[in-house]
Amino acid sequence: MKYLALILVLIAFASCRKVIDVDLNEANPATVIEANYTAEDSTIRVFITETSNFFSGDSEPTVDDAVVTITDQAGNSQLVPFISEGGYVLENYIPAYGTTYTMTVLSDGVTYTASCEMHTLIPQLGILYDYIEPGPFSGDGGYGVAVSYNDPAAAGDFTSVLISKNGYQMSGLNDITLSDDQLTNGNLVIRPLFVEIFDLGDTVEIELRTIDEKIYRYYNELISLTDPNSAAPANPDYQWENRALGYFSAYPSSRQSVIIQ
Amino acid sequence: MKYLSTLILFLLVSSSFAQEYTISGTMKDSTNGEDLFGGSVIVKGLSNVGATANSYGFYSLTLEQGSYTLMYRSSGFETKEVAIKLTKNMSLDIELSLPNDLQELEGVEVTGVKGNDNITSSGMNVTKFSPKDIETIPVIFGEKDIMKTLQLTPGVKTAGEGNSGFFVRGGGADQNLVLLDEAVVYNASHLLGFFSVFNSDAVKDVALYKSGIPAEYGGRASSVMDVKMKDGNSKNFGVSGGLGLISSRLAIEGPIVKNKGSFILSGRRSYLDLFLKLSKDDNIKNTSLYFYDLNAKANYKISKKDRIFLSGYFGRDNFGFGDVFGFDWGNATGTVRYNRIMSDKLFSNTSVIFSNYDYRFTIGTGDDSFGVNSSIQDWNVKQDFSLFANNNNTIKFGFNGMHHTFKPGALTGGNESFNELILDSRYGVEIGAYVQNEQKIGPRINVMYGLRYSGFDLVGGKSYEFDKNGDATSETDHDRWEKIEYHQGLEPRFSLSYVITENNSIKLGYNRNFQYLHQLSNSTTSSPTDVWVPSSNNIKPQIGDQIAIGYYQNLKKNKFRISTEIYYKALQNQIDYRNGANLLLNNQVEGELVYGDGKAYGLELLLEKKKGKLTGWISYTLSRSLRQFDDINEGNVFSARQDRIHDVAVVLMYKITKNLALAGTFIYYTGDAVTFPSGKYEIGGNVIPLYTERNGYRMPDYHRADLGLTWYLKDKNRFEHNLNFSIYNLYARQNAYTIAFEENAETGETQAIQTALFKMVPSITYNFKIK
């Protein structure tokens, strides 16, 4: 629908855009915790910041004095040490697939808690690519890529796909392809990635993450915030107890790359 | 039903025992034989004695034996006086004519004679238009649109720039019952709302009920918009049409058998895509984008007492790009009606009504192509009676049963990666029964009271139960006619008018409405994919209660009319969505919904000038519309999007000469409620807006002026034609359509970017009529 509205507006009626002044309130600063546990390198990376004024040009203030701990399903806790500028990193933390991890962040007297299951990896089978004629979604034409994998037989698998182009990680929200298995459960999935058109000679690296449903929903909510036609945008549901913004995601990744030729 | 018959009996015998006779018949337009809905007959010299014709033009008046002068009148027509000697029951069909040209030339009457019906009628003010009334009012692309004219009246708010969608008295866009010849129109707009589905060539008139809604209508919480199609000229064949900037129209009408039956066929098609073909850009060139409408109606008088009507509408929008993808949607409706004059006091109408709305997507070609489609379909059987019991009581009663089939969506085709997904069909049976009496109590008081019973039975398909997070906890299969949930309610309707003098009156109205069908939409623009869902074990019916009071004053021999109305509306079981709700292709869509209440209140002022060279109106609305949901905005009350506090519209039509008419409109309203961020943070290097409050900000104020000039070219015999020039947004005001926050690529600063849709849009339309 976004495309339809966009095309209608762009083609049929020459719309006009201009920068205007909008007077926005200043919200009280809130804690933002972005925590990832990547099985691929057995590393936990946590980044803690605070919210800032909407039009402020400065980078977000960091929180450097939090106490971050990770607890496995058996109840063993370990500290995630502070490194620098809001960053807390724990290396060589070996994942147990199919188990749930709980992270606790103590900051300014408030304890924030979130847990996430480390799912079993869904391996990529390979990258497919095909030439696409020039068109409304492919500009001057080029190569579109697709990722393929076998969706596990049980329902309820969620994936996100990220692309690197010539070594450059595309990390915008609209560069992420999220999938559930509602339509593909148990199938050989060939998922086209409508994110970027490639040229001959480009190196394409695809990372397929097996993510938890909570994270799938969280990213869907984040992406919906980028739609200007959304009638009532709202913060994504809180992932952290005691209402810190951000999320805690534990995931395995399968990575492959190909040169378009 | 026992009470009903007792009531009728009581009313029949309570009239005096003097010898009485009835005069009854049909009121028609003399030029084309169309029925005059809303016409009335009064007895000269007797105050508050008369009858109002029903929607098929039928009237019945019972008087003591004697001689009378009857005055037949209807909005826009000359009053006709008929002297009768009533010594037995009589039948008298009446034809009213338009005011003659002589008077018009002298500038005495422009919109025709209309008395003080607005003062004396019992119902709260009904907003009523015919396409003829509004033909000079300028509109975008010159496309005459009755829905857009309604938006210029108090209490009716447009859904957005150029949009035909509307909100009535703070209610939601899905709370308006939109009827076309009794059939529900589920999506009344074309091209994302820029045009309504009502082709003005095919429309006889439209009535909008904002409060004191008559008991014969049910199914939506806020308002009723009743559109009637033309019956077709029963005297002469005629062709009319128009050539516009983006669409053309053609209509053919004529008698089947002179004065016994007539037909009308009317079509419209837009041709925006033909211009796209001229583009050098391949992307634009291969884009198809059009809509069309077909209206057809026929009626035939089988005997003096029996008449049948057939009417149908079919319209579709089509949007596509080469064979890469296609998207089309539209409504189809059909109505078969049988009128019977059972006696000189009792009129019956039986209708069988069909309505369908669907949309389809197809994406790709060959083996990989896949499609999505969704539909809602109704079959409705309806029986209505009007009983002209005596001069003081007009009783309407009836019942209906409607079967709904919801097919929320199916995804088919695609490569072997995809399983087909066919969402569960759902079925509902909606029933209604009503009785209503319009009663005159003495010379000053008119009262209308009625009661409607409505019920909705969700049957068959699957049902789900959800926990408080919206996750399904159970799933149950049901047989095709097995009951899942039955909802029901009593809907009292009441209105009263007290005529102070013949120039002023006070009116009071109350109505309760149940709504069993709900439209889900989480976008600011109306979308063809907005899906309708039935009330169920999870979704309760929406209930609207409204009380309104008004004061009406006519000045200078009814030349000016002033009306003031205030209202308070309470809305229960309103629907909103969880964050990131997935409303498409979701079997468990009910789990995405949250429920709350709403209230709306306001003051509406209207000053109208109905006679003279200069006619028009000024409308002002001061109103609020608020919502409260436990799961939204931390449970705090927030403004509905349409909480537009001040809303002004000025409409002026000036007849310069016999051949030139100038019209202008000016609109000003304060901004809609909108949600803006109050802070930001970063996730994965992306700036994410932080929200603290739902709809806590306001869009900038909106204002715009439009100008239109209609030039009536010289008539030749039976050929009339005119040229209409119009300019939309005369002073090219850039009104905000959306405000988005984007990062400036060069400076890295976040900016607010306002998008305006239309600057100045001039257009020209040629209209003709061969009679």
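## Basis of the model

Residues are numbered from 1 along each chain as its sequence is written, while chains are lettered from A and ligands numbered from 1 in the order in which they are written. In this predicted model, local features need pLDDT of at least 70 and side-chain atom pairs count only at pLDDT 80 or more, whereas totals for chains, interfaces and linings use all residues.

## Overall form of chain B

Chain B contains six helices and 49 strands (DSSP runs numbered from the N terminus: helices are H or I with at least four residues, strands E with at least two). Its C-alpha atoms fill a box of roughly 90 × 60 × 50 Å along the principal axes.

## Domains and their contact

An automatic or database assignment divides chain B into domain 1 (2–110) and domain 2 (127–770). The C-alpha centres of these two domains of chain B lie 33 Å apart.

In chain B, 30 residues of domain 1 are in contact with 36 residues of domain 2 (contact: C-beta atoms, placed from the backbone, within 7 Å). On the side of domain 1 of chain B that touches domain 2 of chain B, α1 (2–14), β1 (20–29), β4 (58–64) and α2 (101–105) each supply at least two residues; β4(B) gives the most, with five residues.

Conventions. Contact = placed C-beta atoms within 7 Å.
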